[in-house]
Structures are given as structure tokens and as C-alpha cells.
Amino acid sequence: MRHGWRWTGALLLAGTLGWMGCGGDDGDTRRVDEPEVPVTPVEDPQLADAGTGEVDAGTGTDAGTQAPDAGTGTDAGADAGTGTDAGTDAGTGTDAGTPEQVQTYPRPSAPGWTFYNQEQGAPRYVYGITADQGGNVWIAGGEEGLFLIKKGSDTIQRFTMSEGLRPFGRMRDGVGGAPPGVPYLKVISVAGGPAGTVFVGYAGKPPQPGMPSCEDEWDQAENAHREPDASVYKSGDADKVTLKADGTLDVVHYDIHTGPKKVKAEPRGREKLCTIYRIAYDPVKELVWFGGNHGFAMGDAKFNGIVPSYCWDPRPWETDGFKWEFECAGLYEHVHPAISGSKGELLSDRYYGISIADNHDVFFGGQLRSTRFRYGTNGDNYWAAQSQTEDPGYDWNRVDIWPDAVPSYPTPAQRVDDNVSGMAPASNDGVWVSSFYYGLARLSADGAVEAQVMRDLVNYTPASGGNPAMAPTSAVATDPWDGSLWVGANWWGGITRLKGSGTVKYSGDVFGNVLTSASSVSDIQFDRSSGRRRVLVSFEGAKNAKTGVVTPGLIGIYEGD
């Protein structure tokens, strides 16, 4: 990636804030390469893109008699706008024979900020950061595992499968054992829960070359009349991880699937969601929400993993007396604001956006469409809320924020994928939405687009030479202390804070130009355990596929005004 400029003024208070409408050209003449949506894995080049499979049988409004999706055909996958920058390896390929070189840079130092890098024990790639209700900070460290900074400590601890992490589901083998084959660990999302507890999301296991992804292996193996690879289709999903008094972990796995006899069109069961991009915890309802490839799911935050023995019944599902219930997984899955493509194929992928509303509805934002999942509105009825996202007559609740060229049945050329990267509450009972390409939008409570923001963001680039204006944005969070909005740049900049009528920009002078020119801000969250502001920021880090140069990630904690 070429960069012919550097940011100036790390703490720049810009003039008036134009968030109430679309940003225009402010005369900026910078020339930069076009950004691409970061595919989640960085370390492993074989991790398949989500959503390239067979018909999604879908879900309906009744727990026991779910109907198929209205759409038919293949899943959209990521056929548009989901690659990586030409100079950055985000996990979709490497240049053979290019040796890896780790690029070091000075650990930043700035008023109000505390930073942790690899010298302090941080992971090379930092995918997410959160705090539990006790003030412990948890970090998603990719293939290196889960990391912890205990409250009151500067020491970083690391946990892997050796300490109990379980990035794979259980088999129907009579005992709920691990799937055969080599397991795969990659921690890519975290959300703080009760004191000492964190919810951890994993990436699905990369398949062998030419084989289906974790989303598709279960169905495509059946179509090919072969035994499915359980190490792939049972990989990923999520854990509830609790730190015990002796320093060890108690781990409960969420196997995000539906068993046999619950979905009419998929009587043998469903294995679709595997890669969990974002997680949100609702402490009032004691629920945990998972945004993944293809769709989203709801888990019981109190789930302890102790389930009836019938959950592991190894007999064929057609056997008389065979039983499977949702208590076996501790969750309901899955829902998506899907649409049909020009050939009738179902289009749904990558739900990075999650924001819980005051009434416990949940906004979800995906690659193509977003929705308000009306869980609280429907008296905590998951199936009724699902109907109001998926069924005919609710097209208005499948929101196209940056509109396609046509409203229905678009061809790939007619699509303008929203590529939602995050969501955060807005003051009007709506939601702020960030896009890997298009900056920010604010939606009303019913999903109407009220504002779009590009020009005020730290990495805004005006339209030029046939390229549209953009402000690639990878994370967004609402400050619980003053309502300001913290916005992380996907490339080229750092963080913009939309505060009052102005902006505060934290960029190269705070984080260093090496980091801000190469790495996205992968996550922004807040530690709400005390009465003072504590902003948690993770820079993911990046690898340049052409040169092999690795820019490690960074952890930043801000405790200023």
C-alpha cells in the first residue's frame, strides 16, 4: 500500500461537525489506494470466506416447525467488496517464497494513553478488546489465543486450548466428545460479561484446498455423498470463559447449530454459523448475541453446558424416539435480513454490527442488509422477532443503508454492499452504523437513514479519478460518559471522536505513522466497571503479502477527558 502523506495534528479539534447530512468534497487532494474489507484471518491464508454454500434452509416463526427461507440458490458469499488491499495480506493468500519480516516501531506515548505491544506480552495480531464488569481487560489474540490484563495489573496473561479454550463443538457420539481431526484456534472477538467472565468468538477452521468452508461442509458433504469433516463444520463458534479464583478457567462452549427434526427443510440438522465476528452481552436479559458469517444467533448467558444425555444420542436421527431440543445448545440460531439475488440465490453474509437498544431489541448489520431484531418489542419472543426480520411483508426491516442500484434481485454489478463493520447506540433510539468503505450512517429507531458522515473522519478521501469518496471505518462505539462517538479507521488514520460540534482526531502523532498507515482499528469498547472514562482500543496489525512485512498490532487504553 502506498502512502504519500502523513497525518498532522493528533489532537486536532476541527471546526463545525457536519454529521447531519452527506459529506462533500473539502478540497483534500490526497491520493491513496482503494481499501478493501479485511477478511478476518491474518495468520492463516487458507481460511475460506464465509457464505459460498448451498441453499440456506432458513428459519421460520415456530420453534418446532421452522420453514425454509423464501430465497433459493446459493448463498451470496463475498463476491463483491470483501477482498483485501493489494498490499495487505488479510488471510486470503500469500506470495510464495516471500520471507516474513516483523516491522518494529516504538511503543507510542501520549497523555492519557497507556499502550501494550509484544514487548509487554500482547499478541502479534489484536482482533478485539473488552472489559468485564469487574474491570478485567480481555483481548482477542487470533491464533495465539485469549489474553487478559487483570484489574490493577499491567501483566498480560495468555490462554490457549491447553488452558481449556474450546473452539469446536460436540459430537453426537453418546458422550458429547470433541470432533475427530486437528482442532483450530483463532480468537477474533470478545465481549465482557459478569466480573471475571468474557464471551469469546472464534474463526472457523480453514478447509483443505478445494474443499467447502465451515459454513458449507455439512451440506455439501451430504450432496457429494461423503462423510462430512467434523473438524471443519464443528469448528469455531463461541465460549463463555470464566476466570476462577485459582487462576484457571471454566469454559462453556456455545455450539452454534440446530439439531435434527427442528427445521423442516433441514431435518438432519443445520451447521451454518461458525465464524463469530462480534459479540454483545445484555446483562439485564442475561443474553449474549453473536454476529457471524451468514447470520446471527442468541445465547443464554447463564448456560452452564450441563445438558441431558439425549443431546449426544449417536443413533441416526430417523430412529424412533430420537430427540434433540434447543437446551442442548443453550441458544437459538439463526436469523438474517437476507435478500435474493438476480438468480434467486439467497444473499446474506458477515454480521459485524450489533447494538442493543434500550428496550432490548437488537440492531444487526451485515455485508448487504441490516435489521432491528425486535426481541424486546415482541415480549422476548425470538420466533416472532425472527418473522419480523425475515418474512414477506417486512422488507422495510431489511435495511439497505448505501442502496443497491435496484431494490430487489440485484445482479453482482448492481449491488453496493454496505459492508457494515460495527454499530453503536444513537441518542434517538436508533443506531450509528460504520462501514468498511463508506464511513458512518445514523439510522432511526425504524431503520430510516437520518445522516451520513464521511468528511469529518480522520481518513476521509474525496472522490477522484472515477473513485468515489470514502472513509473506510472498522469500529464504532458510543461513549457512556458524554455520548461522544469514537470511530476507528479501517486504514490511513487512527480514531475520530465526534464530540459536541467538533471532532478530536487521534492519529499518527499519538499512535505513530507506521501503525496508522498499515493497520485497522479492529475494536473500540468501554470499561464500565468504574465511574471514570476508560476507552479500550485495539489495532489489529497487518501483513504485507508482497513484501512479507508484518506490522504487529497494538493495545491502547485511554483514560483522559
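## Around helix α3

Reader: Which strands are included in what covers the buried residues of α3?

Author: Happy to start there, with a note that this is a predicted model, where local features need pLDDT of at least 70, side-chain atom pairs count only at pLDDT 80 or more, and totals for chains, interfaces and linings use all residues. Residues are numbered from 1 along each chain as its sequence is written, and side-chain values use heavy atoms, leaving out hydrogens and water. Helices (H or I, at least four residues) and strands (E, at least two) are DSSP runs, numbered from the N terminus. The cover of the buried residues of α3 includes β14 (296-300), β15 and β20 (370-373).

Reader: How many of the nine residues of α3 are buried?

Author: Buried means under 20% relative accessible area, exposed over 50%, and partly exposed in between (1.4 Å probe, protein chains only). Among the buried residues of α3 are Tyr382, Trp383 and Glu390. The helix is largely enclosed by the rest of the structure, because the buried residues number eight of the nine.

Reader: Which residue caps the N-terminal end of α3?

Author: Look for a polar contact, a pair of N or O atoms within 3.5 Å; within protein, one must be able to donate a hydrogen and the other to accept it, and residues adjacent in sequence count only if both atoms are side-chain atoms. Here a side-chain oxygen lies 3.0 Å from the backbone nitrogen of Trp383, and the residue supplying that oxygen is Asn381.

Reader: What kind of aromatic pair do Tyr332 and Tyr382 form?

Author: Rings of Phe, Tyr and Trp (its six-membered ring) pair if their centres lie within 6.5 Å; planes under 30 degrees apart count as stacked, over 60 as edge-to-face and the rest as tilted. The whole structure holds 33 aromatic pairs. For Tyr332 and Tyr382, the centres are 5.2 Å apart with 40 degrees between the planes, so the pair is tilted.

Reader: How many residues apart are Tyr332 and Tyr382?

Author: Tyr332 is partly exposed at 27% relative accessible area, while Tyr382 is buried at 2%. Tyr332 belongs to strand β15 (residues 331-335) and Tyr382 to helix α3 (residues 382-390), so the pair links distant parts of the chain by DSSP runs. Their separation is 50 residues.

Reader: Which residue's backbone oxygen does the side chain of Arg270 reach?

Author: Arg270 sits in the loop between β11 (249-254) and β12 (276-282). Arg270 is buried, with a relative accessible area of 1%. At 2.8 Å, its side chain reaches the backbone oxygen of Glu333.

Terms used:
Contact means heavy atoms within 4.5 Å.
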